[in-house]
Amino acid sequence: MRIAPLLLGAVLAGGGGAMALAQAGPQAGGPVAERKNDMKAMQRELEAVKAALDSGDIAAIAPRAKTVHGLLEVIPTLFPPDSASGDTKALPAVWSDRAGFETAARNALAAAGKLEQAAASGDRAATVQAFREMGAACGGCHRNFRGR
């Protein structure tokens with residue numbers, strides 16, 4: 001199976017990572033550094049999901065989707081008002097359209113939950129579809145709330 005590069009780009013834009021990072025608490029360097037670490041961790045997890053899909057190893061996806069889900073749970077907290085400047089690609093819309101940003105974060109969280117459930121079912125077609133939805137949810141947030 002081949003997933004369109006644009007879709008994969010949307011999924012991977014901004015990155016992500018391991019649950020340990022999300023649970024470790026505040027990072028040195030403040031919320032900008034913390035969210036960058038979490039996004040890079042999420043990116044690694046989604047790259048591993050893509051590789052598992054490509055190899056047909058559906059069983060390997062559920063734990064990674066669970067990690068992505070955990071990272072997405074904290075996304076809104078990683079964008080406090082005092083983190084709008086500095087070395088960040090977050091657009092001002094994160095703060096000026098907070099309701100829209102939080103809706104986009106909830107959509108990504110729901111997509112991660114769907115991916116986790118689909119992978120746990122072992123249904124390859126459902127997992128592929130859920131991964132596509134995850135990409136759309138990530139892209140929807142990044143299009144509106146992340147600069148290039």
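I counted the secondary structure first: the protein chain has seven helices and zero strands (DSSP runs, H or I of at least four residues for helices, E of at least two for strands, numbered from the N terminus). The model is predicted, so to speak of local features I need pLDDT of at least 70, and of side-chain atom pairs pLDDT 80 or more, while totals for chains, interfaces and linings use all residues. Residues are numbered from 1 along each chain as its sequence is written, and side-chain values use heavy atoms, without hydrogens and water.

Next, burial. Of the 148 residues in the protein chain, 43% are buried (under 20% relative accessible area, with a 1.4 Å probe and protein chains only).

Then I looked at contacts (heavy atoms within 4.5 Å). Among those in the protein chain with a separation of 6 or more, 74% join residues 24 or more positions apart.

I looked for disulfides (cysteine sulfur atoms within 2.5 Å) and found zero. For cysteine 138, the nearest cysteine sulfur is that of cysteine 141, 8.1 Å away. That is too far for a bond. Cysteine 138 counts as buried because its relative accessibility is 7%; cysteine 141 counts as buried at 12%.

Last, arginine 35, which I found in helix H3 (residues 30–55). Arginine 35 is buried and has no salt bridge (a side-chain nitrogen of Lys or Arg within 4 Å of a carboxyl oxygen of Asp or Glu). Leaving out residues up to four places away in sequence, arginine 35 touches Leu78, Phe79, Ser83, Thr88, Ala90 and Trp95.

Definitions and conventions:
Buried means under 20% relative accessible area, exposed over 50%, partly exposed in between (1.4 Å probe, protein chains only). Lys and Arg count as positive and Asp and Glu as negative; His and the chain ends are not counted.
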